[in-house]
Amino acid sequence: MKKQLLDLTLTAKEWLTDRHVLLKLTHEQPLPDAVPGQFAEVRIDGEPATLLRRPISICNIDRQRNELWLLVATIGNGTRRLGRLDIGDRLNLLLPLGKGFTIPTALSHPTPLLIGGGVGMAPMYFLGKTMSQQGLKPSFLLGARTASDILLADEFSKLGPVYVTTEDGTMGEKGFVTNHSILGREQFGYIATCGPKPMMVAVARYARQHGVGCEASLENMMACGLGACLCCVEKTTKGNLCVCKEGPVFNINDLLWQI
């Protein structure tokens, strides 16, 4: 899939929480093809201390509006600068990058479960939307510390059933995603996950114990996005691989996590 360097224009900005902002961008030409799980490297302008691009998952591509969504957690100088963008500002992106999720067929995996935590909910939305367009009926399991950190719940609910866990019990069931009762009530044929590593390790453990195929989108630090700087290397059964190039999506059976 051909990479492109594009200047996109910000058309909408929505603060989902006090530190999570959804950016919607467009371009004069049709946006490049991308698959769920791929990401963009975003140049940060106007922030002298931020020299490197920031890797951000593609949250959605709306072909009718020719619109790209980026869900940004404003936790550092670079991402806080993105939160200060105004409508009409231009943003330089290199995309699409990395290897995305495998889209199962409805016949082989009729009941996919997509599990997201934090900004890891972003690729789960793009994946769920793509599955729905291909005739699959995904379910979503979202986890966060508290209710206000559950992101895009209304958008997810348009695609399939949404189940929620929060650590403080303010929304859904109290606990972690792998404690949710849905995992004991229903059987799933495929699991995809993205979020904090401890969450993904727990999800991978559950998937292995129950013989369910599972893919995880890793969130290692990625500076270049092209496999040149080697800062995102992950030890796998196939050797040391660059997450930005060979991933970020991996089959859990290829990962050397202690599970």
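**Entry 1, a covered strand.** I looked up the burial of β12 in this predicted model, and I noted that four of the five residues in β12 are buried, so that the strand counts as mostly covered, where buried means under 20% relative accessible area. I then checked the neighbours of β12 and found that strand β11 (residues 190-194) runs parallel to β12 and is joined to it by five bridges. In this pairing, Ile191 has Cys214 of β12 as its bridge partner. I followed the chain from β11 through α5 to β12, and I recorded this β-α-β crossover as right-handed.

**Entry 2, another partner of the strand.** I found that β12 also pairs with strand β15 (residues 249-251), in the antiparallel sense and over three bridges. Here Ser217 stands opposite Val249 of β15.

Which residues touch the most other members of the largest nonpolar core? I listed Leu113, Ile115, Leu141, Leu183, Ile191, Leu218 and Trp257, in a core of 33 residues. Among the elements that give two or more residues to this core are β7 (112-117), α5 (197-209) and β12 (213-217), and α5 gives the most, with seven residues. I next looked up Leu141, and leaving aside residues up to four places away in sequence, I noted that its contacts include Leu113, Ile115, Tyr163, Val177, His180 and Leu183.

How many aromatic pairs does a search of the whole structure find? The search gives three. In one of these, the ring centres of Trp69 and Tyr125 are 5.7 Å apart and the planes are at 0°, so I wrote the pair down as stacked. Trp69 belongs to strand β5 (residues 67-73) and Tyr125 to helix α2 (residues 121-133), so this pair ties together parts that are 56 residues apart in sequence.

Since Phe156 lies in helix α3 (residues 153-157) and Tyr125 in helix α2, the pair ties together parts that are 31 residues apart in sequence. Finally, I noted that ring pairs link Trp69, Tyr125, Phe140 and Phe156 into a cluster.

Key
Residues are numbered from 1 along each chain as its sequence is written. This is a predicted model: local features need pLDDT of at least 70, side-chain atom pairs count only at pLDDT 80 or more; totals for chains, interfaces and linings use all residues. Side-chain values use heavy atoms; hydrogens and water are left out. A nonpolar core is a set of buried Ala, Val, Leu, Ile, Met, Phe, Trp, Tyr and Cys residues joined through side-chain atoms within 4.5 Å. Buried means under 20% relative accessible area, exposed over 50%, partly exposed in between (1.4 Å probe, protein chains only). Contact means heavy atoms within 4.5 Å. Rings of Phe, Tyr and Trp (its six-membered ring) pair if their centres lie within 6.5 Å; planes under 30 degrees apart count as stacked, over 60 as edge-to-face and the rest as tilted. Two strands pair if DSSP finds at least two bridges between them. A crossover is right-handed if, with the strands pointing away from the viewer, the path from the first strand over the helix to the second runs clockwise.
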